[in-house]
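Please keep the sequence and the three-dimensional view at hand while reading.

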Amino acid sequence: GDAPCGVRDPVEREAPENLVMLEAALGLGRRAAIRPLVRLLPRGVTPNALSGLRLVLAGVLAAVLWRESYLLVAAIYGIALLTDALDGEVARLRGQGTRFGARFDPSVDKVLHGVLFVSFWGEAPVLLGLLLLFDVGLFLVGLVLVAMPKGESRNLSASVYGRWKMIVQSVGCALILWNVTLPGFPFPRP
């Protein structure tokens with residue numbers, strides 16, 4: 001996600017202490033793994049360009065899923081997840097966060113995971129159903145925030161909850177990909 005474009009989200013300030021500690025750990029990992037990659041990117045690469053690349057990868061992913069080339073699907077999905085980690089870090093390090101990017105990035109994430117959800121519904125309907133309900137709930141919270149009167153301050157950029165939702169969805173999709181790539185290992189198939 002893009003860097004915050006204003007004041008910090010009040011919901012993030014009220015996050016439970018254990019979630020804040022997990023967020024701090026995520027920040028350490030991000031600094032160790034992602035920041036060196038950001039430094040390798042040309043200055044002209046923007047967070048929104050990385051999100052746009054992820055949107056294109058979601059379309060490629062759909063085509064490859066249709067051909068059932070699951071190892072290639074896993075590789076494309078991994079690259080797409082990397083662009084998601086990079087776009088937020090580019091925005092933070094280079095001061096390129098925008099209101100558009102704060103909406104575009106999570107929208108592209110929904111498209112990416114939507115492609116996988118639809119493709120693998122038959123593989124794990126309960127897991128995907130729970131992930132989808134979780135996502136719909138956060139979407140409804142977002143609608144409420146957007147509908148708030150204009151005078152109230154609100155920040156629609158990635159919150160601690162949104163980042164962890166993305167991680168949970170990514171791990172769930174990766175586990176399903178693992179299971180279709182290596183049938184029955186480690187999760188038995190029906």
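The accessible surface of the protein amounts to about 10,700 Å², and 71% of this belongs to carbon and sulfur atoms. The model is a predicted one, and of its 190 residues 35% count as buried. Among the contacts with a separation of 6 or more, 83% are accounted for by residues 24 or more positions apart.

**Helix 4 and the residue that follows**

Helix 4 comprises the 20 residues 47-66, which at 1.5 Å a residue should span 28 Å, and the distance of 29 Å between its end C-alpha atoms agrees with this. The buried residues of helix 4 are Pro 47, Leu 50, Ser 51, Arg 54, Leu 57, Ala 58, Leu 61, Val 64 and Leu 65. Seen down the axis of helix 4, these buried residues fall within an arc of 130°, and they therefore line one face of the helix. An α-helix has 3.6 residues a turn, so residues three or four places apart point the same way. The buried residues of helix 4 pack against helix 5 and helix 6, whereas Val 56 and Trp 66, on the other side of helix 4, are exposed.

Just after helix 4 comes Glu 68, with a positive phi of about 60°, a positive value in a residue other than glycine. Glu 68 is found in the loop between helix 4 and helix 5, and with a relative accessible area of 55% it is exposed, because exposed means over 50%.

**A polar contact between side chains**

Which residue does the side chain of Asp 87 meet in a polar contact of 2.7 Å? The partner is the side chain of Ser 51, which is one of the buried residues of helix 4. Asp 87 has its place in helix 5, which covers residues 70-94, and Asp 87 is buried, with a relative accessible area of 0%.

Helix 6 has 21 residues and reaches 31 Å from its first C-alpha to its last, which is close to the 30 Å expected at 1.5 Å a residue. The buried residues of helix 6 are Gly 101, Ala 102, Phe 104, Asp 105, Val 108, Asp 109, Leu 112, His 113, Val 115, Leu 116 and Phe 117.

Is His 113 buried or exposed? At 2% relative accessibility, His 113 counts as buried, since buried means under 20%. Leaving aside neighbours within four places in sequence, His 113 is in contact with Tyr 77, Met 166, Gln 169, Ser 170 and Cys 173.

**Aromatic pairs**

A pair of aromatic rings is described by the distance of the centres and the angle of the planes. A search of the whole structure finds 2 such pairs, and they are set out in the table.

| Pair | Centre to centre | Angle between planes | Arrangement |
|---|---|---|---|
| Tyr 70 and Phe 120 | 5.9 Å | 45° | tilted |
| Phe 100 and Phe 104 | 5.1 Å | 25° | stacked |

Tyr 70 lies in helix 5 and Phe 120 in the loop between helix 6 and helix 7 (125-147), so this pair ties together parts that are 50 residues apart in sequence. Tyr 70 is partly exposed, with a relative accessible area of 21%, whereas Phe 120, at 3% relative accessibility, counts as buried.

Phe 100 and Phe 104, by contrast, both lie in helix 6 and are 4 residues apart, which is about one turn of the helix. Phe 100 counts as exposed at 53% relative accessibility, while Phe 104 counts as buried at 18%, because the limit for a buried residue is under 20% relative accessible area.

Notes
Residues numbered from 1 in each chain as written. Predicted model: local features only at pLDDT ≥ 70, side-chain atom pairs only at ≥ 80, totals over all residues. Heavy atoms only, no water. Helix = DSSP H or I, 4+ residues; strand = E, 2+ residues; numbered from the N terminus. Buried < 20%, exposed > 50% of the residue type's maximum accessible area, 1.4 Å probe, protein only. Polar contact = N/O pair within 3.5 Å; in protein donor to acceptor, adjacent residues only side chain to side chain. Expected span 1.5 Å × (residues − 1). Arc of directions from axis to C-beta. Contact = heavy atoms within 4.5 Å. Areas by Shrake-Rupley, 256 points an atom, 1.4 Å probe, with all protein chains shown as cover. Phe/Tyr/Trp six-rings, centres within 6.5 Å; stacked < 30°, edge-to-face > 60°.
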